[in-house]
Amino acid sequence: MNSANKKINFNKIKIKISIFEIVCLIILLFYMFTLVISFGWGILNSFKGSFDYIENSLGIPKPFILNNYFDACEYFGVRVKAGAGIRYVQIPEQFLNTILYAVGGSLIQTLTCCIMAYATSKFNYKLSKIIYTIVIFTMILPIVGALPSEVQMLKNLGMYDTIIGTWVLKTNFLGIHYLVFYAAFKEIPKEFNEAAMIDGASNLDVMLYIMFPLVKFVFLTIIILKFIVDWNEFQIPLIYIPNHPTLSYGEYKFTISPNNAVSDTPHKLAGCMLIFVPIFILFICLHKRLIGNVSMGGVKG
Amino acid sequence: MLIINTINNKINIKNNRKRNDMIFYICLVAIPLAQFILFYIFVNFNSILLSIKSYDAVTGEYSWVGIKNFERFFIEFKTTTIFKTALKNSLVAYFAKLLLGVSLGLIFSYYIFKKMKGHNLFKIVLFMPSIVSSIVMVAVYKQFLERGIPGIVQVIFNVKIQGFLANPDTLFGTIIFYNLWVGFGTPILLYLGAMNGISDSVLEAAKIDGASDVREFVSIVFPCIYSTFTVFITVGLVLIFTDQLQLYSFYGADTDLVYYTFGYYLYRGVQVGSVIDYPYLATMGVIFTLIITPITFFVRYLLKRFGPSVE
């Protein structure tokens, strides 16, 4: 009897799918296919020898060659100026520079946005309104070509080609993340502040132990997004810290390197995978947080 | 007497609190504001000053040259092809991104918002190129187009084709396609955020009225997220003069002149040029800012004036 009912129910099922959904599904599947196939192809070919790559660019490596990765590590060094001479910055030092640049930079910038948003949303001074207006205005006002002037300013301050110089540049509250924090702080009721103040808490206590923990998920999301951007960035280090190469900077130099030992495509692809893998693992672990609900109004934690 | 003392104490406490609040506030905003004054106001003001200066490599000093740099730019624009080409490329790239990138971004966001088939997977897939270094993406894309696709075509159709980047006729289109291909991540996040703010009751009402997906998108969802869309369009206008189309990841500083954009020209000038080039590059920046600022405000006005109403 039960099985008969199931059959009847099964027959009654209608697949509701609109033309819009079908068209989108086809486009999105094609998009995913192009992404997966190109990356899959890239990973496979990073394990091939030069000859195998030319003869068999679509097939499985015969045999799998791990040496491409070891060679990539060996020739990943970037030539930089050191006093009157030159020296090579190898992967460990590039990694250290990346950590200083990306971790330090993302932490400083996120903290700056967070603190500015807290100050301007919770303290009702005229300056707070001016700062908020400045953020909106600078987002709309398009300014082109300030790079030469910025480089000149860092040189004048003696901070050009230093990691500290990049941190100073990141002490910047302008942009959408300020607005995200601002909205998050505005949503917290004033009573939280007042109750803590009555209990004898100082302004610093309220900020550190009550307000900041309430926006910790927003903070975490923004800092990870900024870290990923900074980790991948090579054009800013190329301009501001030319003698302190990061891993992405090293990768850029590696891909245009004319060195015969690593000039073939499998070596170049192996070099790419070296900096792709860590960030890919981070993304897989944190994708739910990273691609949660970000909006102009806030991030839902 | 006791009452007066109590009142005085209360006033003192209030005054102390106000003073403490003010000191704390100043401590919080002082450093970021100083950075803003130095690296936004002063840097941009210095850009204007640089545009009316020239650098003498022999003496190592700047001298005032009035509007000579501006004259040089307009003469070069008239007499050489590089700036005309850069303008054409920048405009083609901007409108391609505007028409295809923005519309597809909106449609994909709606697809995910409506939780249609595989929405969670596609959300990850569409965002993934945003987390991968452009150097890595470009290297894989370049090699796949040059060796992978011609190989696949040969296996399937037994036809030999040239790589898309090796063929000058398809090169620029391929670069624009790449920029579209990797550029959905951030817009989708923001559009989705805006869509999630739409009231469920409005969507329910549309469902009861039997509105199709397209009708619901056009009549309800798009008007509701129109303010986010407006911000995207107006903020994006500056890309006409700043978008590098990731040419640095493709070719470093050696891109062929016929594929230059203004953004690439400006960045390359600072990266491979020297202090001597700074005044002229700053002049270009000032000119572009003067052009794009009124356009941005005008487009913003038009979008607000003629946009769909939420009512």
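Trainee: How far apart are the centres of domain 1 and domain 2 of chain A?
Mentor: Taken over C-alpha atoms, 36 Å separates the centres of domain 1 of chain A and domain 2 of chain A. Domain 1 runs 17–71 and domain 2 runs 78–256. Those bounds come from an automatic or database domain assignment.

Trainee: What kind of model is this?
Mentor: This is a predicted model, where local features need pLDDT of at least 70 and side-chain atom pairs count only at pLDDT 80 or more, while totals for chains, interfaces and linings use all residues. Residues are numbered from 1 along each chain as its sequence is written, with chains lettered from A and ligands numbered from 1 in the order in which they are written.

Trainee: What's the radius of gyration of chain A?
Mentor: Chain A has 26 Å, while a compact globule of 301 residues would have a value near 19 Å. The radius is taken over C-alpha atoms, and the globule rule is 2.2 Å times the number of residues to the power 0.38. Along the principal axes, the C-alpha atoms of chain A fill a box of roughly 90 × 75 × 40 Å.

Trainee: How many helices and strands in chain A?
Mentor: 15 helices and 2 strands. Both are DSSP runs, numbered from the N terminus: helices are H or I with at least four residues, strands E with at least two.

Trainee: Which helix gives the most to the side of chain A that touches chain B?
Mentor: First the totals: 71 residues of chain A are in contact with 76 residues of chain B. Contact means C-beta atoms, placed from the backbone, within 7 Å. Helix H2 (residues 19–45) of chain A gives the most to that side, with 12 residues. The side of chain A that touches chain B has 46 nonpolar, 21 polar and 4 charged residues. Nonpolar covers Ala, Val, Leu, Ile, Met, Phe, Trp, Tyr, Cys and Pro; charged covers Asp, Glu, Lys and Arg; the others, Gly among them, are polar.

Trainee: And the domains of chain B, where do they run?
Mentor: Domain 1 covers 2–51 and domain 2 covers 73–306. Their C-alpha centres lie 41 Å apart. The contact takes 4 residues from domain 1 of chain B and 6 residues from domain 2 of chain B.

Trainee: Back to chain A. At what angle do H14 and H15 cross?
Mentor: Roughly 175 degrees, and the axes of H14 (residues 247–255) and H15 (residues 265–290) of chain A come within 10 Å. Axes are lines fitted to C-alpha atoms over the stretch in contact, and angles run from 0 to 180 degrees between N-to-C directions. That makes H14(A) roughly antiparallel to H15(A), a label for angles over 145 degrees. Phe254(A) in H14(A) and Ile275(A) in H15(A) are among the residues where the two meet.

Trainee: Where is Pro63(A)?
Mentor: In the loop between helix H3 (50–55) and helix H4 (67–74) of chain A. The peptide bond from Lys62(A) to Pro63(A) is cis, with omega near -10 degrees. Most peptide bonds are trans.

Trainee: What is phi for Lys115(B)?
Mentor: About 55 degrees, a positive value although Lys115(B) is not a glycine. Most residues other than glycine have a negative phi.

Trainee: Is Lys115(B) buried or exposed?
Mentor: Exposed, with 9 other C-beta atoms within 10 Å. Counting C-beta atoms placed from the backbone within 10 Å, 12 or fewer others is exposed, 20 or more is buried, and in between is partly exposed. Of the 301 residues of chain A, 37% count as buried.

Terms used:
Angles under 35 degrees count as roughly parallel, over 145 as roughly antiparallel, 65 to 115 as roughly perpendicular and the rest as oblique.
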